[in-house]
Every structure is written in C-alpha cells, then in structure tokens.
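The entries follow in the order I made them.

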Amino acid sequence: QARVLAEVQAYLDGKTDHFESEYRIHHRDGSVHWNLSRGVAIRDPAGRALRFTGTSVDVTRLKQVEETAKAATERLELAAQLSGFAVTDLDLRGMADPRQGTVMGADNWDQRGLEPPVLPSLRDFEAAIAPEDLPRMLEAFRDSVSGKSPELRVEYRARNPLDSGLHWRLGRGKCFYDEHGAPVRYVGVSHDIQETKIAQEAARR
C-alpha cells in the first residue's frame, strides 16, 4: 500500500511522467488477486494536478500465466544445461537473408567457446565454427530455412572452451513459417559429439 501511494504521489508531484502500478488485493474470501492500475492527471498551466482519474484491472490470471511460462522456461534451460545441449532461438521475420536473423534466446553458448556479456549474434556463432566447416554449415542452414530440407542436421567442428581446441558437434534445427509461408522463427540445438567421433575413428583402425 505504501509503495502504491508513493508512486501516485510521485506522479502527482510531476516526478514521474506516468502512473502505472501492480499490486495485490486481499479479497473477503481470503484469496489474493493482482491488480494493474493506471492513472492520468489533469493539470493547470503551472503543472499542478487538479484532477486524477485512474483505472484498475484484475490481472491475476495473466500473472499466473506469466509464472507458469517462467517456470517452464527455467525447466527447459535446466534440462538443456544438464543434457549438454546448446539452444538457439532466432527471429527471422522480415529477413531476406536468414543470417541476419535476431537471436532471441541462447542457452549454454559457453559450450561453443563463446562467453558474450549479452545475447550473441549469428556472426559470433559463425566465428566459433572451424573455417573449413562453416560453408557446409551455412548451406545446411539456408536449405532448412528455404524448405529445401525439412530440418537441419549437420556435424561440424567448433571451439571448445575446456581445452581451447576444436570439438565435433551435432547441430539440428527447424524453421517455422507464417500463414504465407514466410520464415518467422528458427530453433536450433547442438551438442558435443567429440567422444563419439573419437570412438568411431578408433573402430576404423
């Protein structure tokens, strides 16, 4: 209560340019609901508030959905971390070249030899791939976005932060399209298959 009153007063005093606040309300049945309030003030020429009008909407259901989505995301991130999978989520809307896609989410990118302070770009990803393998990787990526291939599945070498060398990885990805067939989203995963490659090479000898 004190926080909301302080936010209202700050807006009326002109210290903030708008009023919007989320808070909890205890109902008579013992339940607690979340409300979202917004307000606007009518001011005189000197900027003093003469009248304040506001609205309040119950957003409990929205809060519950947000919490459920957050918990699901945390579970997926944990599963990816424990299983050793690196996950990338790209926004391809309006992109003539899929390599210009915006990275919307990237989990476990440290497995690819990258430790960016913010979300990395596709250029960061490409820089971590062995130069000899990059053309093949990009071709597979473009084919999966264009629909030439139903999904991406490619083996390639990338920097490994544990030993500063190159490790083999298996990358898989799938593109999603809008109702007009234009690519809008791309989700890719990859994991380290270095030990598998070593075992295969040993078996050939």
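I took two strands as paired if DSSP finds at least two bridges between them. Helices (H or I, at least four residues) and strands (E, at least two) are DSSP runs, numbered from the N terminus. This is a predicted model, so I kept local features to pLDDT of at least 70 and side-chain atom pairs to pLDDT 80 or more, while totals for chains, interfaces and linings use all residues. Residues are numbered from 1 along each chain as its sequence is written, and side-chain values use heavy atoms, with hydrogens and water left out.

Entry one: the sheet E1-E2-E3.
I found 3 strands in an open sheet, in the order E1-E2-E3, with antiparallel pairing. Strand E1 (19–26) and strand E3 (49–58) are the edges; each has a single partner strand, so one side of each is left without a neighbour in the sheet. Neighbouring strands here are turned by 30° against each other on average, direction ignored. Axes are lines fitted to C-alpha atoms, for helices over the stretch in contact, and angles run from 0 to 180 degrees between N-to-C directions. I counted 8 bridges between E1 and strand E2 (residues 32–43), in the antiparallel sense. Tyr-23 has Asn-35 in E2 as its bridge partner. Helix H1 (residues 2–12) lies across E1, E2 and E3 and runs at about 160° to E1; contact means heavy atoms within 4.5 Å.

Entry two: the partners of E8.
Strand E8 (residues 183–192) runs antiparallel to strand E4 (residues 85–91), and 7 bridges join them. I located Ala-86 opposite Ser-190 in E8. Strand E7 (residues 166–177) is also antiparallel to E8, with 9 bridges. Gly-173 has Gly-188 in E8 as its bridge partner. E7 and E8 make a hairpin with 5 residues between them, and Gly-181 in the turn has a positive phi of about 85°.

I searched a 1 Å grid over the protein atoms alone; a cavity is a set of points where a 1.4 Å probe fits but cannot get out, and lining residues have an atom within 4 Å of a point. Grid points are joined across faces, edges and corners, and a volume is the space filled by probe spheres set on the points. I found 1 cavity of 30 Å³ or more. The largest cavity holds about 260 Å³ of space. Its lining has 22 residues, with Leu-122, Phe-125, Met-137, Phe-141 and Tyr-186 nearest the centre. Helix H3 (122–128), helix H4 (134–146), strand E6 (152–159), E4, E7 and E8 each supply at least two lining residues.

Definitions and conventions
On a 1 Å grid over the protein atoms alone, a cavity is a set of points where a 1.4 Å probe fits but cannot get out, and a pocket is an open set with protein on both sides within 12 Å along at least five of seven lines; lining residues have an atom within 4 Å of a point.
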